[in-house]
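Student: I would like a close look at a single part of this protein, taken slowly. Could you show me the sheet and explain how the rest of the chain is arranged around it?

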Amino acid sequence: MCKMLLSINPIHVENILRGKKLFEFRKVRCKSDVDRIIIYATAPQKMVVAEAEIEEIIEDEINEVWRQTRDFSGITYNFFRAYYKGKKKAVAYRLRNVEEYDKPRSLSEYGIAFPPQSFVYLPSSTR
C-alpha cells in the first residue's frame with residue numbers, strides 16, 4: 001500500500017479536521033493501492049498538517065457521487081457542480097481516522113520541493 005499527498009484549501013482542511021467534511025473530491029482517481037492521504041494545507045498555511053485513512057473510493061456519475069456524499073461533503077452543491085463543470089465522472093475519497101499532527105510539517109520533510117497541483121504519491125515508509 002502507499003500514500004498520496006493532497007493539496008487542500010485550508011477552509012476544507014479545517015472542515016476535515018472538525019469532522020464536517022468526510023469526503024475529499026477529485027477529478028482523477030488515484031492508483032488502487034493508495035490507502036492513506038497526507039493532507040497539505042495550501043496558502044496561506046503551506047504546511048502538511050494531518051493524515052487520514054481512505055475508507056472507500058466512490059467513482060461514478062457526478063449526480064450519483066453527490067447523492068452519496070452530500071450530507072458530509074463539507075461543500076455546497078453549487079461549489080460541487082462548479083468543480084466538476086464539463087466532467088462526466090466524479091471521485092470522492094471517504095476519509096476516516098483523521099490524525100492532525102501536533103506540529104505541522106514542511107513539504108521538504110517528504111522530499112517535495114513544490115506543492116502538487118492535485119496529488120503526489122509517497123512511499124509507505126514516509127512518516
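Tutor: Before we start, one term is needed: two residues are in contact when they have heavy atoms within 4.5 Å of each other. Please also keep in mind that this is a predicted model.

Let us begin with the whole. The protein has 3 helices and 6 strands, and along the sequence they follow the pattern β-α-β-β-β-α-α-β-β. The radius of gyration is 14 Å, close to the 14 Å that the globule rule gives for 127 residues, so the protein is as compact as a globular protein of that length. Its C-alpha atoms fill a box of roughly 40 × 30 × 25 Å along the principal axes, and buried residues make up 43% of the 127 residues.

Now to the sheet, which is open, has 6 strands in the order β2-β5-β4-β3-β1-β6, and shows mixed pairing. At its edges stand β2 (23-26) and β6 (119-122), and because each has a single partner strand, one side of each is left without a neighbour in the sheet. Neighbouring strands are turned by 35° against each other on average, direction ignored.

β4 and β5, by contrast, run antiparallel and are joined by 11 bridges, with isoleucine 57 standing opposite tyrosine 93 in β5. β2 and β5 also run antiparallel, joined by 4 bridges, and here arginine 26 stands opposite valine 91 in β5.

The largest nonpolar core has 19 residues, of which Met4, Ile37, Ile39 and Tyr93 touch the most other members. Two or more of its residues come from each of β1 (2-8), α1 (10-18), β3 (34-41), β4 (47-61) and β5 (89-105). Apart from this core lies another, of 11 residues, including Ile58, Ile62, Phe80 and Ala92. Methionine 4 itself, if we leave aside neighbours within four places in sequence, has contacts that include Ile37, Ile54, Tyr93, Phe119 and Leu122.

Strand β1 also holds serine 7, which counts as buried because its relative accessibility is 9%, below the 20% limit for that word. Its side chain reaches the backbone oxygen of proline 116 at 2.6 Å, and, not counting residues up to four places away in sequence, serine 7 touches Arg26, Tyr40, Thr42, Pro115, Pro116 and Ser118.

Tyrosine 83 belongs to helix α3 (residues 77-83) and is partly exposed, with a relative accessible area of 28%. Beyond its neighbours within four places in sequence, tyrosine 83 is in contact with Phe25, Arg26 and Lys27.

Conventions
Residues numbered from 1 in each chain as written. Predicted model: local features only at pLDDT ≥ 70, side-chain atom pairs only at ≥ 80, totals over all residues. Heavy atoms only, no water. Core = buried A, V, L, I, M, F, W, Y, C linked by side-chain atoms within 4.5 Å. Buried < 20%, exposed > 50% of the residue type's maximum accessible area, 1.4 Å probe, protein only. Pairing = 2+ DSSP bridges. Axes fitted to C-alpha atoms, helices over the stretch in contact; angles between N-to-C directions. Polar contact = N/O pair within 3.5 Å; in protein donor to acceptor, adjacent residues only side chain to side chain. Rg over C-alpha atoms; globule rule 2.2 N^0.38 Å.
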